[in-house]
Amino acid sequence: MVLSHAITRLPDEQIAPLIAHYDAAVRARRRHTLIMFGVIAVCTVLAAWMGEVKPDVFFAHADRLPNYFWSITPVLHWNTLGADLSEWYWNLDHWLKLLLDTILIAYLGTLIGAIGGFCLCFLASANLVKSPWIRLGARRFLEFCRTVPELVFALLFVVAFGLGPLPGVLALAIHTMGALGKLFAEVVENIDMKPVEGATASGASWLTTVRFAVVPQVLSNFASYGLLRFEINVREASIMGFVGAGGIGQDLVEAIRKFYYSDVSAILLLIIAAVMIIDLVTEQVRHRLLGFGAQR
Amino acid sequence: MSRARIHLSGDERARLAAAHPHLVAPPINTRVRVGMIIAVFAGIAAFGFWQLGFNFDRLGSGIAQLAHFVTLMMPPDPGTQLPLYMHALGETLAIAFLGTLGGAIVAFPFGFLAAKNVIPNIFAHFAVRRVLDTVRGVDRLIWALIYVTVVGLGPFAGILAIATASFAELGKLFSEAVEALDRKPVEGVVSTGGSPVEAVRFGMLPQVLPVLASQLLYYFESNARQSTIVGIVGAGGLGLHLAEQIRVLEWQKVSFLVLMMLIMVAVIDFISSRLRFAIIGKSRIG
């Protein structure tokens, strides 16, 4: 037997149909890609027409955006840094109080929403509730709560409850209940069913089963989702003030509308800093929670 | 076969409980810890209620008023404004579509720049990530408000706001997708003499494109929800009419607009989940 390193090559008449097949496959893929781009292009043109996009106007005034960000940048000189900073953050005490309000709105909204979601998630789980009416009812209700945007609830509640943080908290709570209820129900549907069977076999009622067989399994996941939601809600709470539902949004909207340029950047930076700090802290806590849950 | 049933009398149960106390009641440490955690949560909540000046009388009267509003909302009725609302619906869809597309186009290169395995320079990708984080820290409604002051009222401000917010979030997701991909195709391209650009084009792109496309569709769903509210600050779409009708207390129109939102979101969810499944399914076969 002759060892050869040459790659064996099929005779031409055998290769030809293979090459043709390959070319056809490549052509079919190209055609698919082209059709997809065509559809996207048509949708873009339609959407641009609907959305009143005027590129010529946009490019004629394209300098406005960087100009705006340039204007909101505070004037800081190295020599007079302290004075400049205190002038930039002239209203710091008030803003910090509003920021605290914002975080508390997020906290209360998350807490009340999580309690509501906790109560409803067991009713929405297929492995615990056999009656389709209760289950589907709970699911549709949760879906409604999370599909209507928070801000729409906030607008409604501001009319019903009056201006202030109360409508903000309620709006966040309802949306959180919908979002967390769904996530919680998914966790509950993935539990190990053996403890449930054990509790049922020893004659436990439905509530006792949930308390002793389900809750211990899901609690750390619930806490992790709750913290994640808290992060989101801090962001959402910062805009509740736009419709008069409390928090720092009220001052921000005023600063933007009345062109108090340096105030805009001061408040924005405060919000970004608060959001980042809370993100970092909750991330640490979540990692520890999930690690702790896995060890047990 | 007969089943044995165990009946415990009261004193037998007490004897068992005394023999195995940890099975009947959790240890005291756990109880104290749980109690403390609950106390901390409740304490912060009480502080929150006090700091925010909660008035429970107002809660009661507000709920009564809300119930009254709900009765006034039935049945949903657009009045004579149906064409206007359909136009607003079109605007909302346009904002969601162009916002997602625009954000994705800008985020695409950033996804590669922020990935550790494409740009090994730690400062470069750290800087890109912090930029994305900062943009992400600002809610899209704040962006909408800023763009309204920059480009004026109308859906275009909404498109820019949604695009900016999606850019930051998609940039992060894209970079995570790029970091999670398989090194082997890239090594294959490099070993046959491909340049770094060719390694990205033939080694990375075919792997990440289906993931990106499915994330993009997911964002389109979420942006369809968000684009309904940018109108509240004057950036076009359904939210503009919704805020207006709530202010003038036209409850039947309000409920009709909310119904339009719900139907639009449900239809978009249905279509995009189909598309997403098609994309992922196709990539698995091919």
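The structure is a predicted model, in which local features need pLDDT of at least 70 and side-chain atom pairs count only at pLDDT 80 or more, while totals for chains, interfaces and linings use all residues. Residues are numbered from 1 along each chain as its sequence is written, and chains are lettered from A and ligands numbered from 1 in the order in which they are written.

Chain A contains 12 helices and zero strands, where helices (H or I, at least four residues) and strands (E, at least two) are DSSP runs numbered from the N terminus. The radius of gyration of chain A, taken over C-alpha atoms, is 29 Å, well over the 19 Å that the globule rule (2.2 Å times the number of residues to the power 0.38) gives for 296 residues, so chain A is more spread out than a compact globule. Its C-alpha trace spans about 90 × 75 × 45 Å along the principal axes.

Of the 296 residues of chain A, 35% count as buried, that is, 20 or more other C-beta atoms, placed from the backbone, lie within 10 Å of their own. Helix α11 of chain A, residues 249-257, includes A:Asp251, A:Leu252 and A:Ile256 among its buried residues, and α11(A) is followed by A:Phe259, whose phi is positive, near 55°.

Between the chains, 46 residues of chain B are in contact with 45 residues of chain A, contact requiring C-beta atoms, placed from the backbone, to lie within 7 Å. The largest share of the side of chain B that touches chain A, seven residues, comes from α5(B).

Conventions: Contact = placed C-beta atoms within 7 Å. Buried ≥ 20, exposed ≤ 12 C-beta atoms within 10 Å, placed from the backbone.
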